[in-house]
Amino acid sequence: MGNINASVDLRRDGEIAVVTVDNPPVNALKHEVRAGLAEALRQARDDATVKAVVIACAGRTFFAGADITEFGKPPQAPGLGEVIAAIEAMPKPVVAALHGTALGGGFELALACHFRVAVAGARVGLPEVKLGLLPGAGGTQRLPRLIGPEKALKMIVTGDPIEAPEALTDGIVDEIVEGDLTTGTIAFARRVAAENRPLRLVRDREDKLSAEGFADAAEALTRRLRGREAPAACVEAVRNAIVLPFEEGLKREGELFRKLVAGDQSKAQRHVFFAEREAARVPGIPEGAKPRPIARGAVIGAGTMGGGIAMCFANAGIPVSIVETGRDLLQKGLDRVAANYRATVSRGGLGAEEVERRMALINGVTELDAVGSADVVIEAVFEEMELKKRVFGDLDRVAKANAVLATNTSTLDVDEIARATSRPRDVLGTHFFSPANVMRLLEIVRGAATSPDALITAVTLGRRLGKVPVTVGVCYGFVGNRMLARRSVEAERLLLEGALPQQVDAAVTGFGFPMGPFAMADMAGLDVGWRIRNGRGERNEIEDALCEAGHFGQKTGKGYFRYDAGSRTPLPDPEVEQTILDASSRAGITRRAITQEEIVERMIFPMVNEGARILEEGIATRPGDIDVIWVYGYGWPVWRGGPMYYADQLGLAHLRDRLTLYAERSGDETLRPATRISRLAAEGRGFASSAPA
Ligand code: T1G
Ligand code: NAD
């Protein structure tokens with residue numbers, strides 16, 4: 001409780017005025033905070049005994065930005081721009097004390113101060129682009145003046161923060177203090193006032209504003225950000241810092257910001273921001289359920305997934321054992337891990353020393369007993385039920401009491417695996433996505449017997465491994481793969497009816513996915529699905545014909561596309577076209593021209609329909625959970641908010657009508673609108689309005 005208002009406190013330390021803001025959890029710059037800051041600054045300005053001002057925040061972080069929940073609501077004065085103008089108008093030094101994550105409007109406020117002091121662990125950044133925005137409180141004009149347009153552009157277009165030591169080197173931070181931050185900052189302010197140091201504003205600096213290298217940097221940074229409005233706006237704003245006077249650049253930044261904040265893309269990205277945080281809240285976890293401590297991990301199987309999962313533990317600083325059936329396979333798995341790390345080093349993503357430290361945390365073994373000290377064991381052996389049940393039976397014997405036992409299965413029944421142990425309450429699924437050390441999504445599969453504390457342990461571990469955990473129920477393919485299967489069925493139908501792989505993939509990448517379904521199938525390997533279909537007595541006319549011809553995708557240089565040696569670029573293949581034409585005529589189908597719109601609808605609507613069934617069955621708790629799964633696990637373009645959010649924007653009545661049309665045309669009853677879609681469409685509502693509070 002402050003003395004200016006509930007969030008802002010003003011006190012004196014001799015001739016230094018100390019403004020402390022306390023608005024948990026992240027000191028977002030909501031209206032009350034801005035009003036309190038403006039008042040505190042006014043008082044400090046008008047008190048002649050005040051020689052300098054320190055702005056600090058209580059709790060875990062300096063301001064982490066504007067309050068995102070206020071966007072789209074009527075603006076309340078003072079705006080952040082006014083608070084910043086008040087700081088720049090101060091006739092005495094203002095020093096920002098940075099800790100935690102000084103982000104967005106928080107960092108912009110600090111850039112308006114005369115000096116910035118930080119603790120070593122602080123990070124500063126402008127992540128607005130991740131919300132479909134650009135910095136709207138002067139960051140695009142002040143940061144280039146401090147560190148040069150090229151480096152500023154990188155921070156603004158990537159949205160990635162930098163650490164305090166780097167910020168010190170760049171001249172963003174004036175001093176890094178040991179010990180208590182506020183005490184150190186007050187001492188700094190006292191020195192500045194005593195030495196009567198000139199009050200140089202960042203806005204007045206021009207010496208770093210060179211256009212050299214800017215155009216190339218802009219092109220390189222935005223090349224892979226097709227379809228997004230915010231990165232282009234960031235480039236325009238930072239370019240303005242080079243070519244326009246400060247005030248004009250600032251005015252233009254404001255116009256760009258207001259356009260983006262009212263736009264569909266930012267609304268969609270803000271939906272994903274909050275849905276991601278909501279997804280971590282697991283219903284049915286009793287108040288006070290505590291995660292079990294995780295000091296050590298273990299992974300069974302050092303194949304494609306096992307190696308990547310072990311890297312996640314090492315990257316988070318958690319020692320991990322990895323178990324294989326024999327030394328050769330173990331060494332092969334460890335070599336793949338080492339090669340992954342070397343690739344990261346060569347891209348400048350990690351230092352060699354850090355890699356050595358992480359590799360040292362990974363202990364390769366061939367005896368299962370070695371996992372006896374692990375607090376969590378993740379199984380990633382072949383996708384065969386009997387093998388997995390055998391492994392869990394053995395784990396039941398060797399794993400310590402209270403260890404969490406997890407399976408990385410992508411399709412199998414987690415409850416059946418759990419019943420292979422005497423402790424099903426400790427068993428659940430942790431479905432990582434390939435490559436496991438890169439993909440951020442983690443589907444946590446809650447078994448019928450999984451205990452709340454085992455579940456909360458997995459969710460907490462997921463966040464510690466840098467993942468976005470989403471809890472789902474047990475069914476074939478869980479949420480993501482189950483919806484994806486609907487898309488695959490439609491993709492094959494489109495080929496039989498008249499489309500070609502390159503046309504379908506172009507429509508899907510045009511929509512915003514990084515890759516189309518057929519290039520993705522070629523990358524994963526067509527033989528994986530072929531073996532599963534053979535085992536289940538199912539057939540995919542075209543894909544099986546390709547596999548029978550030995551075309552398994554990238555790994556054989558031919559699949560739905562052909563690949564030049566050493567290249568991953570999918571090229572249309574006349575032989576595949578002939579295989580498809582033959583399959584159509586065998587099926588007695590007269591091929592027709594299919595529009596891009598129809599392809600997009602048939603790639604997405606059946607998935608949304610399955611998503612509705614998944615919600616009806618309670619396999620997913622909230623539509624937002626499904627959106628987060630698709631954004632972080634399947635490349636759904638974040639600026640379209642996710643499949644369920646996208647469907648709400650289109651209107652469920654439209655979806656109902658199109659699905660009905662496709663069901664009647666194909667005779668496929670599974671395309672009939674799910675009950676939830678028909679009901680919500682009839683009520684004129686969307687998925688979001690039907691989400692549990
Ligand atoms: N506004 C409102 N709520 C916020 C918030 C924000 N800026 N940041 C976090 N929260 C809530 C979040 O929803 C969650 O709520 C709780 O705080 C803890 O967050 C003018 C326009 C700071 C790195 O983009 O990246 O400034 O779920 O679970 O993992 O140019 O939060 O508990 O109810 O994420 O420790 C720019 C966004 C805004 C930073 C902390 N700033 N936040 O991560 O905790 S735009 C951002 C984060 C802007 C100006 C523009 C992270 C974090 P709940 P959390 P965390
Ligand atoms: P993989 O074939 O690459 O690796 C499996 C490894 O398990 C092999 O190295 C094998 O030697 C080892 N293994 C088999 N039996 C073992 C035992 N008893 N003890 C120790 N090691 C044993 O397979 P993968 O692609 O890594 O898949 C592993 C699991 O992860 C499967 O359940 C799969 O469905 C799932 N998954 C795979 C992906 C993917 O994209 N590959 C994605 C998500 C989940």
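Reply: The model is predicted, and the part taken here is helix 15, residues 385–398. Helix 15 has 14 residues and reaches 20 Å from its first C-alpha to its last, close to the 20 Å expected at 1.5 Å a residue. Its buried residues are M385, L387, K388, V391, F392, L395, D396 and V398. An α-helix has 3.6 residues a turn, so residues three or four places apart point the same way. The list of buried residues in helix 15 includes K388 and D396. The cover over these buried residues includes strand 10 (297–300), strand 13 (376–379), strand 14 (404–407) and strand 15 (427–432), together with helix 16 (414–418).

From helix 24, the residues in contact are I604, F605, V608, G611, A612 and L615, and they meet P643, M644, Y646, A647 and L650 of helix 26. By class, this contact has ten nonpolar residues, one polar and no charged.

The second pair is helix 5 (residues 149–158) and helix 9 (residues 230–243), whose axes come within 10 Å and cross at roughly 155 degrees. Helix 5 and helix 9 are therefore roughly antiparallel to each other, and the crossing is right-handed. Here P149, L153, I156 and V157 in helix 5 meet P231, C234, V235, V238 and I242 in helix 9. The contact divides into nine nonpolar, no polar and no charged residues.

The remaining features concern the backbone. Most residues other than glycine have a negative phi, and most peptide bonds are trans. A cis peptide bond joins P24 and P25, with omega about 10 degrees; P25 is in the loop between strand 2 (16–21) and helix 1 (31–46). Another cis bond joins A77 and P78, with omega about -5 degrees, and P78 lies in the loop between strand 3 (52–57) and helix 2 (80–88).

Positive phi values occur at N196, near 50 degrees, and at F478, about 50 degrees; neither residue is a glycine. N196 lies in the loop between helix 7 (181–194) and helix 8 (214–222) and counts as exposed, at 66% relative accessibility. F478 is in the loop between strand 17 (468–472) and helix 18 (480–497) and counts as buried, at 0% relative accessibility.

Notes: Residues are numbered from 1 along each chain as its sequence is written. Chains are lettered from A and ligands numbered from 1 in the order in which they are written. This is a predicted model: local features need pLDDT of at least 70, side-chain atom pairs count only at pLDDT 80 or more; totals for chains, interfaces and linings use all residues. Side-chain values use heavy atoms; hydrogens and water are left out. Helices (H or I, at least four residues) and strands (E, at least two) are DSSP runs, numbered from the N terminus. The expected span of a helix is 1.5 Å times one less than its number of residues. Buried means under 20% relative accessible area, exposed over 50%, partly exposed in between (1.4 Å probe, protein chains only). Contact means heavy atoms within 4.5 Å. Ala, Val, Leu, Ile, Met, Phe, Trp, Tyr, Cys and Pro count as nonpolar, Asp, Glu, Lys and Arg as charged, and the others, Gly among them, as polar. Axes are lines fitted to C-alpha atoms, for helices over the stretch in contact, and angles run from 0 to 180 degrees between N-to-C directions. Angles under 35 degrees count as roughly parallel, over 145 as roughly antiparallel, 65 to 115 as roughly perpendicular and the rest as oblique. A crossing is left-handed if the near helix is turned anticlockwise from the far one by less than a right angle, and right-handed if clockwise.
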